[in-house]
Amino acid sequence: MSTSNAQPLPSERSTKGPFRLALAMVIVTTVTILWGALTTSTGSGLAFADWPLSDGELMPERSYTTLPGFFEHFHRLFASLAGLMSLALAVWLQAKGLGDAKARATAWFGGCLILTQGVIGGVGVLKGMPAATSVTHGTLAQLTLATFVWATYQLSNRYRMTPPAPGVAPGSGRKLVMAALIFVVLQTVLGAVARHTNSSHALWTHVGHSFVVFLIGSIATAFSIGKLSDTPGIRGLSRAIVLLLIVQIALGFVALAIRNSAGKTPENVANLGTATVISVHVLIGALLTVLMAALAAHVFRATRRELS
């Protein structure tokens, strides 16, 4: 009896649409992080004291007539868009049975992360932006970004077509690349503590830790190229990570030299040049999270145990 009309398994169905949505989600989340950095750098986090609305409206007048209102309100709009996209992705995958179970679980986990992150940010506004909620809000943003980068890879054609690397023991390098990813995220936590508390101790810990991140990141990328160079994407990701690490350290010292010693005060909005440089520093940190999470996902895929 012919089996030519057999329906493909859920994991074999095309995930082109969800992949594009997940990729768009990564882009929107990255923009949200940049906009959040501009909001913090200009001291605009309390431009609106209410939440989830702004001045009780969906589009208040101050959101397009004042810079603080513009930064804060559009940060909220970008965040809301990211949240809706994450929900749409998870529901789409679940309802249609697309991707494998791991991809669907990753999407739901990312959705829970972004919901938690948004609520913490809103509560922070209502509480007057205490450091604890601000740091947690920023940290969860990075974890959300890493999660959706991983989901994007799981929904890609490359994920399905990448075979286990020949001659490499299953699980090799996984702890190393995960350590590198954790250290990158930890660096953003230290940066967030320094930004939101204006603590000199946290600031110099952040500076010193950047060299630790560079060392561990270099080791992780060297291992990946040395052992998994034939795996698609490994070489390009590794080289981009090392390049961004160098740029990030250099830009970090520029930001250190021009920062306002008083911290995130509303007066910073008058110096958009300085705020932009510092925000780009935060953006590159987010891009490093993207690349390191992508590298980790590639390594995990290439070092899986081959099914007999």
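Student: What does the relative accessibility of R62 tell me?

Tutor: R62 counts as partly exposed, at 31% relative accessibility. With a 1.4 Å probe and protein chains only, buried means under 20%, exposed over 50%, and partly exposed in between. This is a predicted model, where local features need pLDDT of at least 70, side-chain atom pairs count only at pLDDT 80 or more, and totals for chains, interfaces and linings use all residues. Residues are numbered from 1 along each chain as its sequence is written, and side-chain values use heavy atoms, leaving out hydrogens and water.

Student: Which residue forms a salt bridge with R62?

Tutor: That is D55, and the closest N and O atoms of D55 and R62 are 3.0 Å apart. A salt bridge puts a side-chain nitrogen of Lys or Arg within 4 Å of a carboxyl oxygen of Asp or Glu. D55 is partly exposed as well, with a relative accessible area of 38%.

Student: How many salt bridges does the structure hold?

Tutor: There are two. You can find E72 and R76 joined by a salt bridge, at 2.8 Å from N to O. Both residues sit in helix α3 (residues 67–96), four residues apart, so about one helical turn separates them. Helices here are DSSP runs (H or I, at least four residues), numbered from the N terminus.

Student: Are E72 and R76 buried or exposed?

Tutor: E72 is buried, its relative accessible area being 5%, and R76 is buried too, at 10%.

Student: Where does T303 lie, and what does its side chain meet?

Tutor: Look in the segment after α10 (272–302) for T303, which is buried at 2% relative accessibility. Its side chain makes a polar contact with the side chain of R174, at 3.0 Å. Setting aside residues up to four places away in sequence, T303 touches V168, A169, P170, G171, S172, R174 and L228; contact means heavy atoms within 4.5 Å.

Student: How many residues are in the largest nonpolar core?

Tutor: The largest nonpolar core has 54 residues, and L89, L228, I241, M292 and L295 have the most contacts inside it. Several helices supply at least two residues each to this core, including α1 (16–41), α5 (131–154) and α8 (200–228). The helix giving the most to this core is α10, with 13 residues.

Student: What is L295 in contact with?

Tutor: Leaving aside neighbours within four places in sequence, L295 is in contact with T221, S224, I234, L237, S238 and I241.

Conventions. Polar contact = N/O pair within 3.5 Å; in protein donor to acceptor, adjacent residues only side chain to side chain. Core = buried A, V, L, I, M, F, W, Y, C linked by side-chain atoms within 4.5 Å.
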